[in-house]
Amino acid sequence: MPQDPTERRVVVTGPPRRARRAFGYYRPRTEIDEQTTLGHTYVRSLMRIQLRTGLLVFAVLMLLIGPLPLVFAAAPDARRLEWAVLGFGLYPPLVLLARWYVRRAERNERDFVRLVEDR
């Protein structure tokens, strides 16, 4: 006696090979992992803001340290002044500048992660 086609069952033993995405739904992390144009844009924006932060710190550093040779040349007999400025006068601004840079870079990365995380 032939089996009735309605009685047969099909058993699926694995996950579907292709997962369909819902219309209008995208995940930035997937875009970055798959190296799409949008993912490239996300990463490039992070790199651009980090570069801008680094260049700003470099510019402030050059404005702080750059004129010192001219100041030292203007006062050739002030050896102690040179050592005081180099040893004690520059150290606090350099530490503050480095601290600001690290905090800014971490904030940029935190904002990027918040943007990329799944909601």
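Colleague: Why does D111 count as partly exposed?

Modeller: In this predicted model, D111 has a relative accessibility of 35%. Buried requires under 20% and exposed over 50%, so D111 falls in between and counts as partly exposed.

Colleague: Where does D111 lie, and how far is D111 from L46 in sequence and in space?

Modeller: D111 belongs to helix α5. Between D111 and L46 there are 65 residues of sequence separation, while their C-alpha atoms are 9.3 Å apart.

Colleague: What makes α2 roughly antiparallel to α5?

Modeller: The axes of helix α2 (residues 37–65) and helix α5 (residues 91–116) cross at roughly 170° and come within 10 Å. Angles over 145 degrees count as roughly antiparallel, and therefore α2 is described as roughly antiparallel to α5.

Colleague: Which classes of residue make up the contact of α2 with α5?

Modeller: That contact has 18 nonpolar residues, together with four polar and two charged ones.

Colleague: Why does Q50 count as buried?

Modeller: Q50, a residue of helix α2, has a relative accessibility of 17%. The limit for buried is under 20%, so Q50 counts as buried.

Colleague: What joins the side chains of Q50 and E109, and which residues does Q50 touch, not counting those up to four places away in sequence?

Modeller: The side chains of Q50 and E109 are joined by a polar contact of 3.4 Å; the cut-off for such a pair of N or O atoms is within 3.5 Å. With residues up to four places away in sequence left out, Q50 touches A105, N108 and E109.

Definitions and conventions. Residues are numbered from 1 along each chain as its sequence is written. This is a predicted model: local features need pLDDT of at least 70, side-chain atom pairs count only at pLDDT 80 or more; totals for chains, interfaces and linings use all residues. Side-chain values use heavy atoms; hydrogens and water are left out. Axes are lines fitted to C-alpha atoms, for helices over the stretch in contact, and angles run from 0 to 180 degrees between N-to-C directions. Helices (H or I, at least four residues) and strands (E, at least two) are DSSP runs, numbered from the N terminus. Angles under 35 degrees count as roughly parallel, over 145 as roughly antiparallel, 65 to 115 as roughly perpendicular and the rest as oblique. Ala, Val, Leu, Ile, Met, Phe, Trp, Tyr, Cys and Pro count as nonpolar, Asp, Glu, Lys and Arg as charged, and the others, Gly among them, as polar. Buried means under 20% relative accessible area, exposed over 50%, partly exposed in between (1.4 Å probe, protein chains only). A polar contact is a pair of N or O atoms within 3.5 Å; within protein, one must be able to donate a hydrogen and the other to accept it, and residues adjacent in sequence count only if both atoms are side-chain atoms. Contact means heavy atoms within 4.5 Å.
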